[in-house]
Every structure is written in C-alpha cells, then in structure tokens.
There are 4 protein chains.
Amino acid sequence: MTNQDGAAPRDLTRADFAVQWPVTTRWSDNDMFGHLNNAVYYELFDSAINGWLIESAHVDEVTSGVIGVVAESGCTYFRELAFPEPLTVGVRATRVGRTSVTFQLGIFGDPQNPAVAAVGRWVQVYVDRDTRRPVPVPDAIRSALTAGFAC
Amino acid sequence: MTNQDGAAPRDLTRADFAVQWPVTTRWSDNDMFGHLNNAVYYELFDSAINGWLIESAHVDEVTSGVIGVVAESGCTYFRELAFPEPLTVGVRATRVGRTSVTFQLGIFGDPQNPAVAAVGRWVQVYVDRDTRRPVPVPDAIRSALTAGFAC
Amino acid sequence: MTNQDGAAPRDLTRADFAVQWPVTTRWSDNDMFGHLNNAVYYELFDSAINGWLIESAHVDEVTSGVIGVVAESGCTYFRELAFPEPLTVGVRATRVGRTSVTFQLGIFGDPQNPAVAAVGRWVQVYVDRDTRRPVPVPDAIRSALTAGFAC
Amino acid sequence: MTNQDGAAPRDLTRADFAVQWPVTTRWSDNDMFGHLNNAVYYELFDSAINGWLIESAHVDEVTSGVIGVVAESGCTYFRELAFPEPLTVGVRATRVGRTSVTFQLGIFGDPQNPAVAAVGRWVQVYVDRDTRRPVPVPDAIRSALTAGFAC
C-alpha cells in the first residue's frame, strides 16, 4: 500500500486500496442539486466493508453473536458524483485493534479517471449482540483483514 | 415477449423483459427482518427505468424541460431478497400512451434461479417541468421505448 | 368510516382514517425534480403501520417470533409533496383476514388542506420468523386493529 | 453557548445548541441490528440544517443560484437509537467563514434523557449552482446564522 507513509487523502488512487467493491447508484441517490447526496456515501462505505467481510470472513449478520457497530465515521468530498454512474469503493484497514478496526475508504467513478472523488474514515467496534459490550475482533474477521489487505 | 398473452406475474422470467438492468444491494437495504425492505424495490424500479432512459434516449434529468413523474406504482413480492446479493431488474413497456407510459418490472436474483422475486407496475406521466401539466411523451423516449422493447 | 361504501381514493379525507400518524420529511427525500421521491411514500406507510402497531399492540419487531411481511403494496399519487413540509399518514384496516391484514393509507400535508396527496394499499402477511410460513394474525395485533379502527 | 470553551462532544446537552429541530424516525432506518443505521444520522443532520435555513433564511433550494454543498462531514456515535423513537437534532454554527459554514450537531432522544446520542461535524461550502465555484455565504444565510445562533 503506497499510502502507508501518509499520502494526502486527495491523492489516493485505486492502487492504494487492497479491496475494490463495485456498487451501482440509484435515481433516488441524486438530491435536488443533481448529485449524490452526502449520506449516500456512508451507505456505500457500509456496503463495501460488510459485503467484503460477508464474502471473505463468512460473517452472518443476522445470526452472529458478535456484531460490528460504527463508533465513528467521516468523509471528505472532493468532487461530485451522480446517478447513473457506476462506482467503485476502495477499502483498506489502517488499524486492527483488539476490539475495533479502522478502515479508510475511497470512492471512484469512471475507471478512466484515477482521481478519488471522496475519502472516508470508519471505526467499527465489535460488540456482543446481546450485551452490546466490546469483544475481541472475531478471528475470522481478523484473518480476512490480514489476508485481504496483504499487498 | 412471451408475456403478451397475460402470463401470471409469478411466472414471468428474465426472457419476458427486453431490458435487463443490473443493480447492487446495500447493507442498509436490509431491514430488521434481514431482508430487503419493501420500499427498496421501488428505488430499484426507478433506477432501472430512468437509467435505461438516460442511456437510451439521452434524457438529461437535471435540465430537461419535460420530466417523467410517477402517477401510480405497485409491487407484488413473491420471495425475499437480501444484501449482499446482486440483482437484475427486468423492464418492459406494456403501454405507450399519448402522455404516459406503463412499465412492468421484474426483480431477479441469482442468475441460476429463473424465478422472479417481485413484479412491479409503474405508470410514468410526462409533464412540463415548470407548469407540471401533462405533455406528449418526448419523441426520443418514444423511439427508445419502441426500439428497446422490440423483440 | 365514511369510506366503507367505496369513495374514490382521490376523495378521501383525514376523517376517513382512524389513525393519524405524524411524520417529518427529509432533505434527501426530495429528488432531482424537487419533490418527494415516489419510494419515500412507502417508507412513510411502513413507518405509520408499524409505529402504530408497536405503540398499540406492543409488538417487539426485534425479538417477536411472528413478523409481518409485505406481500403487496401500491400507491396512487395525486399531488406533489416536498421537504421540509411535515406530513400526516392516515391508516385504516380494510380487511383483517386469518393470516393477513389489508391497510389503506393516505398521505396528507398542510393541516389546512383536506385533500389527500397520495393513497396507498398494503397487504401484510404474518409469518413465523424462522420458517417464514404464514401464521394467524397475532391476537394483540388483531385486538389493536379492532379497537384502534373502531369509529 | 456553554460549549465555546471546548466541552467534550460526549458531554454536550440540548442547551448547547441554539436550534432544536424535531425529526421522526422510520421503520427502514433500523438495520439488521435493530438500531438506526449510521448513514441515517447524516440524513437527519442535513434535514435539520437545511430545514432550519429554509425556514429562517427563506432559501429556495430548487431555484437558488447559490447552493450549499457538503465538503466534509463526520459523526461520533455514543449510544444506539431506534425507530419508532422521535428525535431532536441540535444545530449550532461553530464557524462562519467567507464561503463556508461549519456546523456542530447533536442527536437527542427521549426528552427526559439529557445525554447526547451522537455528535456530528459538517462543513457546508456555498457555490454557484452553474459553475460550482465557491461564492460568499449569502447575506440571508449569514444573517439567519448570526440571529439564530445568538445566545
């Protein structure tokens, strides 16, 4: 990962993200200004992180006794995107702690355009489904993160 | 189109729809029951109809003086769908009137499964952007519908 | 209920609905045409029906062994609505069957305006959470519907 | 505003926010974990900021030549919220610059509970609708912010 030395978010490219998750946009994503509403970016981040974890770590979000909840999120928007453009979400883990994982995310549009449109930050904390108390990051997820993000 | 003679909605297959529009699902589409919320199907119908029209009839929804608004919509749900499964929306026009178009839509999941998961009905009326009064279906859209839905 | 004799949907007023459920609109509800996206109406129907059932029948949607899933839905749109206008959803049960309930819904805007903006139809089927097989409408819900919709 | 000296976000109360904007939650806001999805908080922030500006500064988002777009957003989540609980969004401007405004937001649940459930940060940049180039914060908005947030 070329970003480990702290490249500015605006300069990130697809190559900085180990996982590339394709997503489609929706008519209703565009707001009155004709561009993707800012909250939609978080729906896409969530879908890429969890879609990749379900596929790679075989997490079953409906029955799992341990769930990943969001403790912090943030996004910086560099340029507008709009339906019907298909997008790609880049995902990488920047920190895997004892009970939490910090992800960095990038949203990319047209494959011909290497520039990142938005960069997100996401802290997921693992908790017991019933008590909602923090628990260690499950082994399957820890392994997937390690394997998936190896470069 | 094999459905012109009135096949029951539950028996529709991909082959009944001239247009096939791929869409991805989102984490937030799943509700407390672990399946796609019923309102999401309408977001997908809207995206397939308008995405196809933008691509085929070169409609610019931000600036066009004529816009297509929904007068009626409906959906019958046959089986559950859930994130992260990617879906396909089948679209066909069942009636092209003077100022309105009626679409039939089908939602399909796994390509190996020919059965339709839900079938929608959608009446789009074309109106003047400023006066909101009905106007004739624009020629570009009428042509796209005729060409796109020929079998 | 004055509508039992079959008044046209367009002529329904607040007085035709036994339950009045207030909802707020959101910036992101407005689409590129500056009005509430058609799918949002279904989110509001869902919120009014389930909000009222949670309050009246003390349903716990997270743990209940019986859940209500949507088998059919539909909406006819009579006039546009837009954020930031607060709305009211009128709800009434038009049929309480053995395993399903049919609701009629009306969306109203400004309290000074008696005209209904949109009318919905909604068929909710009760199923076992695990097997997803239809089961009788739970007694608490049946009682709430009977009591709540008495006029 | 008692927060000007830099109280920790977790310690903010309703009294720290000059504007209190009521919002209702929706059935579809709850995700598979039975709580408000993290992206929904941003929809509520957006609705409170723009709802208040439309009401106070008489901004017409559909026709205005100057629009406010989001350059950065972020949220820290302190406790879970869930439909059908009605919420209040607290809003205050922490910085009014030449072309941008920074808002701090707080989400509150049950009026009996003074603790903030989530705290957001939001940077809105004013741009020309056509060129998308930054322009000075419109006078009507600057006045509303000054008047509305005076304590």
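Figure 1. D:Q20 stands opposite D:G90 in β3(D). The model is predicted: local features need pLDDT of at least 70, side-chain atom pairs count only at pLDDT 80 or more, and totals for chains, interfaces and linings use all residues. Residues are numbered from 1 along each chain as its sequence is written, chains are lettered from A and ligands numbered from 1 in the order in which they are written, and side-chain values use heavy atoms, with hydrogens and water left out. Strands here are DSSP runs of E with at least two residues, helices are runs of H or I with at least four residues, and both are numbered from the N terminus. β1(D) and β3 (residues 87-96) of chain D run antiparallel and are joined by five bridges. Two strands pair if DSSP finds at least two bridges between them. β1 (residues 19-23) of chain D has a covered face made of D:V19, D:W21 and D:V23. Its uncovered face holds D:Q20 and D:P22. In a regular strand the side chains alternate between the two faces of the sheet.

Figure 2. Ten strands line up as β1(A)-β3(A)-β4(A)-β5(A)-β2(A)-β2(D)-β5(D)-β4(D)-β3(D)-β1(D), with antiparallel pairing. β1 (19-23) of chain A and β1 of chain D stand at the edges with a single partner strand each, so one side of each is left without a neighbour in the sheet. Neighbouring strands are turned by 25 degrees against each other on average, direction ignored. Where do the chains join? Strand β2 (residues 66-77) of chain A pairs with strand β2 (residues 66-77) of chain D in the antiparallel sense, over five bridges. A:E72 has D:T76 as its bridge partner in β2(D).

**Figure 3. Helices α1(A) and α1(D) on the sheet.** α1(A) lies across β1, β2, β3 (87-96), β4 (100-108) and β5 (118-128) of chain A together with β2 and β5 (118-128) of chain D. It runs at about 55 degrees to β5(A). α1(D) touches β2 and β5 of chain A, plus β1, β2, β3, β4 (100-108) and β5 of chain D. Its direction makes about 55 degrees with that of β5(D).

**Figure 4. Helix against helix, chains A and D.** Two packed helices are described by the angle between their axes and the distance between the axes. Helix α1 (residues 38-57) of chain A and helix α1 (residues 38-57) of chain D have axes that come within 8 Å and cross at roughly 175 degrees. Axes are lines fitted to C-alpha atoms, for helices over the stretch in contact; angles run from 0 to 180 degrees between N-to-C directions. α1(A) and α1(D) are therefore roughly antiparallel to each other (angles under 35 degrees count as roughly parallel, over 145 as roughly antiparallel, 65 to 115 as roughly perpendicular and the rest as oblique). A:N38, A:A39, A:Y42, A:E43 and A:D46 meet D:N38, D:A39, D:Y42, D:E43 and D:D46. Contact means heavy atoms within 4.5 Å. By class, this contact of α1(A) with α1(D) has four nonpolar, two polar and four charged residues. Ala, Val, Leu, Ile, Met, Phe, Trp, Tyr, Cys and Pro count as nonpolar, Asp, Glu, Lys and Arg as charged, and the others, Gly among them, as polar.

**Figure 5. The axis relating chains A and D.** A rotation of 180 degrees with 0.0 Å of shift along its axis superposes chain D on chain A, with an RMSD of 0.0 Å. The two copies are thus related as by a two-fold rotation axis. Superposition is by least squares on the C-alpha atoms of residues with pLDDT of at least 70 in both copies. In chain D, D:G74 has the C-alpha nearest the axis, 1.9 Å from it. The same surface serves both copies, as 100% of the contact residues of chain D recur in chain A.

Figure 6. Within chain C, eight bridges join β3 (residues 87-96) to β4 (residues 100-108). C:A93 has C:F103 as its bridge partner in β4(C).

Key:
Buried < 20%, exposed > 50% of the residue type's maximum accessible area, 1.4 Å probe, protein only.
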